Amino acid sequence: MKLAKIGLLMLGVALAGCVQVPKSKDYAEFRSHDPHSILVVPVINNTTSLTAQDYFLSTVSAPFAERGYYVFPAHMVKSLLEKEGLSDAGLVHQANPTRMGDIFGCDSVLYIQINKWESRYIVISTSTDVALHYRLASCHDGRTLWEDTREVTYSPQASSGNPLAALIAQAIVSALEKADPNYMPLATMANLQAANLPGQGLPAGPYLPDQYRKDQSKFK
Amino acid sequence: MKKTGWKLAAIVMIATTAAGCAQQSRFVWGNYENSLYAYYKNSDQRAAYEASLVKAIELGRKNGKIAPGLCAELGYLQLENGNLLEAQKNFAEEMTLFPESRPFLSGVVQRMTADKDKADGDKKKETQS
């Protein structure tokens, strides 16, 4: 009974990704730079998935723009960089952010690395896992304004009731997940958490005028 | 029902967990994410991506909530299509809504018109000779 309670509590904490309170980040550098715009550049893919970086790019703009920042058109930027011979994300990430500032007139660049993008099939359950690293750097002096790491896992759980039916149902879902794992909801969730979590994410930007510069209690 | 029911429940749970972190939507995105994803997955989906941008912008315009980047993304597709006039209109709208895009997009428009003038000039030369 006690164990079950602890288990439940643990589950609750794990689910309440928004409520968890790790140590708050230091926002002094961020506040002093006061970036208004974010350039999302092509993502570095450290995984064996060949396509993760392209698919992932479609999930970045909205969560960060919703924090009140001008986010540059991600696909247009990617396409233009490719035409300029910068199709290698590694080269873009290595280049000084001030160079991106010269080209795009952006205040900051968001560099993202995909460190995990996998679907594991364990006996009858499939677990899908996405891990990301974020770094926002100033285009004016190259300094890091914000950094974050997110890991999100989705593993379909059978509900209680008839154990055999649940087992079969689980196997069916696992097979579906394995055939075509859908990473997008996970990627979106990771981005939402990265951008929004109090003390961890980004302070509200100028396009959220009622919160802009007024959320020091959440982002010191 | 039971089989799909709890899968749905799991998805809903993920969605609500994610939504719990987000505020009410500041901008209208329409189907931007899904259609761009589909386009990256299969380049046949380019027209659908373009259509979803048009729709999201129309909807956003009604509420004064056009999302950053969408007009520029649409303008870029139109530029690729060779529809310079429409492209320029959309770049102009993006610059009006979001002045942060001005240094970048005004450069793009400048190059566009320079290229067009050059192309027109070449054409003239051809017809003259």
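In the predicted model, the largest nonpolar core comprises 76 residues, among which A:Leu39, A:Val40, A:Val109, A:Leu110 and B:Leu70 touch the most other members. Helix H9 of chain A, spanning residues 184–196, supplies the largest share of this core, with 7 residues. Leaving aside residues up to four places away in sequence, A:Val40 is in contact with A:Val60, A:Ser61, A:Val71, A:Phe72, A:Ala74, A:Val77 and A:Leu110.

Packing between the chains was considered next. Helix H5 of chain A (residues 74–83) packs with helix H4 of chain B (residues 70–81), the axes lying 8 Å apart at an angle of about 45°. H5(A) is therefore oblique to H4(B). On the chain A side, the contact is formed by A:His75, A:Met76 and A:Ser79, and on the chain B side by B:Ala72, B:Glu73 and B:Tyr76. Classified by residue type, this contact of H5(A) with H4(B) contains 3 nonpolar, 2 polar and 1 charged residues.

A loop position in chain A was also characterised. A:Gly68 lies in the loop that runs between helix H4 (61–65) and strand E3 (70–71) of chain A. A:Gly68 counts as buried because 21 C-beta neighbours fall inside 10 Å, the threshold being 20 or more. Apart from residues up to four places away in sequence, A:Gly68 touches A:Ala204, A:Gly205, A:Pro206, A:Tyr207, A:Leu208 and A:Tyr212, together with B:Arg26 from chain B. For A:Pro206, the sequence separation from A:Gly68 is 138 residues, while the C-alpha to C-alpha distance is 5.6 Å.

Note on methods: Residues numbered from 1 in each chain as written. Chains lettered and ligands numbered in written order. Predicted model: local features only at pLDDT ≥ 70, side-chain atom pairs only at ≥ 80, totals over all residues. Helix = DSSP H or I, 4+ residues; strand = E, 2+ residues; numbered from the N terminus. Buried ≥ 20, exposed ≤ 12 C-beta atoms within 10 Å, placed from the backbone. Contact = placed C-beta atoms within 7 Å. Core = buried A, V, L, I, M, F, W, Y, C linked by C-beta atoms within 7 Å. Axes fitted to C-alpha atoms, helices over the stretch in contact; angles between N-to-C directions. Parallel < 35°, antiparallel > 145°, perpendicular 65-115°, else oblique. Nonpolar A, V, L, I, M, F, W, Y, C, P; charged D, E, K, R; others polar.
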